[in-house]
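Hi everyone, thanks for coming. Please have a look at the model on the screen, and I'll walk you through a few of its features.

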Amino acid sequence: MSTKAARREYLKAVGEFQRACREFSVGMTRVLEPPEKPEQDEAGWIVRALGSSNPPKRAPRVREAGVAEKKA
């Protein structure tokens with residue numbers, strides 16, 4: 001599987017999961033009491049809990065001390 005195809009599949013799965021969470025949240029608000037603050041959106045808490053949909057950045061590479069000494 002190519003990197004592009006894997007990334008596309010991953011983003012599709014994340015999108016489907018977030019959509020399902022929003023639908024679940026809407027369904028739960030129908031069953032439970034409405035939130036105390038009417039200005040809150042129905043699925044806002046789940047979006048904040050899951051965080052950004054962007055993939056995390058890579059950590060910077062850390063060179064080992066022994067590698068630099070061998071090259072010099």
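Let's start with a term: a residue is buried under 20% relative accessible area, exposed over 50%, and partly exposed in between, using a 1.4 Å probe and protein chains only. Before we use it, please note that this is a predicted model, where local features need pLDDT of at least 70 and side-chain atom pairs count only at pLDDT 80 or more, while totals for chains, interfaces and linings use all residues. Residues are numbered from 1 along each chain as its sequence is written, and side-chain values use heavy atoms, leaving out hydrogens and water.

Now, the overall picture. The chain has 3 helices and 0 strands, in the order α-α-α; these are DSSP runs, numbered from the N terminus (helices: H or I, at least four residues; strands: E, at least two). Of its 72 residues, 7% count as buried.

Next, helix α1, which covers residues 3-31. Phe24 lies in this helix and is exposed, because its relative accessible area is 53%.

The term means a side-chain nitrogen of Lys or Arg within 4 Å of a carboxyl oxygen of Asp or Glu. The structure holds 1 salt bridge.
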